[in-house]
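Let's go through this model together and ask what stands behind each label. Every answer sets a value beside its cut-off and then draws the conclusion.

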Amino acid sequence: HASVESSVRSIMQPQSGREDSGSGLGSPDNDDNDDNDIRLEEETSELPKSIPGRRGLVDFMSNLDVSHVGVARAIPTYAALQGVGSAFRNQEPEVLYAMSVRTDEFDEFWSHSWQLSPWPKIICLLFLKNGLAAGLTSNVAALTGCILSYFGVLPVAFGDSTALPCYLWSQLGGILCFFPVLLLWRRHDRIFLDAGCINQNNPKAKTEGIRSMGGLLRMSRRMLVLWDVTYVERLWCMFELA
């Protein structure tokens, strides 16, 4: 209770300008949001008037509940990984948020720190989420090239066709199929990623998303921790893990 209380002190000081330190807190606020928040009018109309005092906020977050139904939004996995993980490389937050939809359950909650280079996380996620599809596709392509070469449909690159030679078509087919599928495969799992599921351009909605973090975690079937050496140093990351 005491650790949760200390972790939410910063969000009790509106417009403090402090940099938040965990998931949902990685993008800067932007007050110029009139064109981006039309569909949020209904959602924010459901917000509670206030959560009385710091103790009330701590109790609310400890109950693992969301402040209103509209705060739970999910994006598909492919949206987070499109553009070679552009969601982790300072993509315009309104573009990603526009792909989010209301949900009552997340397939996976992605917990991570924004402090270090995004590339290790991006590469990890590409292989974790798209690697199986890429591997199977490339093997089918390689096998197809081998069979077509063996029966003379494609020319044998080198070797004796009667002694199972190494076929260039088989190698090229596997390589050329693997990387496009790895980068472009479209998985539709409903995930929570802070930069896309919390409106970064609406301070009020962003605060409600932060307050509802415990409830969003409770609504998640799985949690994926994208660990790096700064993960255990970020208070919000520890809150999510706890």
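Q: Why is R187 called partly exposed?
A: This is a predicted model, and in it R187 has a relative accessible area of 25%. Buried means under 20% and exposed means over 50%, so R187, at 25%, counts as partly exposed.

Q: What makes R187 and D189 a salt bridge?
A: Their closest N and O atoms are 2.5 Å apart. The cut-off is 4 Å between a side-chain nitrogen of Lys or Arg and a carboxyl oxygen of Asp or Glu, so this pair of R187 and D189 qualifies.

Q: What accessibility classes do R190 and D107 fall into, and why?
A: R190 has a relative accessible area of 31%, which lies between the 20% and 50% limits, so R190 is partly exposed. D107 has 11%, and buried means under 20%, so D107 is buried. Both residues also belong to a network of salt bridges that links E105, D107, R190 and R221.

Q: Why is the pair of R222 and E108 said to tie together parts of the chain?
A: Their side chains meet in a salt bridge of 3.3 Å, N to O. R222 lies in the loop between α10 (213–218) and β5 (223–226), while E108 lies in strand β3, so the pair ties together parts that are 114 residues apart in sequence. R222 is partly exposed at 36% relative accessibility, and E108 is buried at 8%. In total, the structure holds eight salt bridges.

Q: What makes F88 and W110 a stacked aromatic pair?
A: The ring centres of F88 and W110 are 6.4 Å apart, with 20° between the planes. Rings pair if their centres lie within 6.5 Å, and planes under 30 degrees apart count as stacked, so F88 and W110 are a stacked pair. F88 sits in the loop between α4 (77–85) and α5 (93–97), W110 in strand β3 (residues 108–112), and 22 residues separate them.

Q: Why is the pair of F88 and W114 called tilted?
A: The centres are 6.2 Å apart, and there are 40° between the planes. Stacked needs under 30 degrees and edge-to-face over 60, so the pair of F88 and W114, at 40°, is tilted. F88, W110 and W114 form one aromatic cluster, and the structure holds seven aromatic pairs.

Q: How do you know that F88 is buried?
A: F88 has a relative accessible area of 4%, and buried means under 20%, so F88 is buried. Leaving aside neighbours within four places in sequence, F88 is in contact with residues including A80, H112, P118, I122 and L226. F88 is also among the residues that touch the most other members of the largest nonpolar core, which has 40 residues.

Q: What makes K121 a charge over the ring of W114?
A: The charged end of K121 sits over that ring, 5.4 Å from its centre. The distance limit is 6 Å, so K121 meets that part of the test. Elsewhere, R186 lies over the face of Y78, at 3.8 Å from the ring centre.

Q: Why is E208 called buried, and where does it lie?
A: E208 lies in helix α9 (residues 203–211). Its relative accessible area is 5%, and buried means under 20%, so E208 is buried. The side chains of E208 and R211 are joined by a polar contact of 3.2 Å.

Q: What caps the N-terminal end of α9?
A: N202 does, with a side-chain oxygen 3.0 Å from the backbone nitrogen of K204.

Definitions and conventions: Residues numbered from 1 in each chain as written. Predicted model: local features only at pLDDT ≥ 70, side-chain atom pairs only at ≥ 80, totals over all residues. Heavy atoms only, no water. Core = buried A, V, L, I, M, F, W, Y, C linked by side-chain atoms within 4.5 Å. Buried < 20%, exposed > 50% of the residue type's maximum accessible area, 1.4 Å probe, protein only. Contact = heavy atoms within 4.5 Å. Helix = DSSP H or I, 4+ residues; strand = E, 2+ residues; numbered from the N terminus. Polar contact = N/O pair within 3.5 Å; in protein donor to acceptor, adjacent residues only side chain to side chain. Phe/Tyr/Trp six-rings, centres within 6.5 Å; stacked < 30°, edge-to-face > 60°. Lys NZ or Arg CZ within 6 Å of the ring centre and 35° of its normal.
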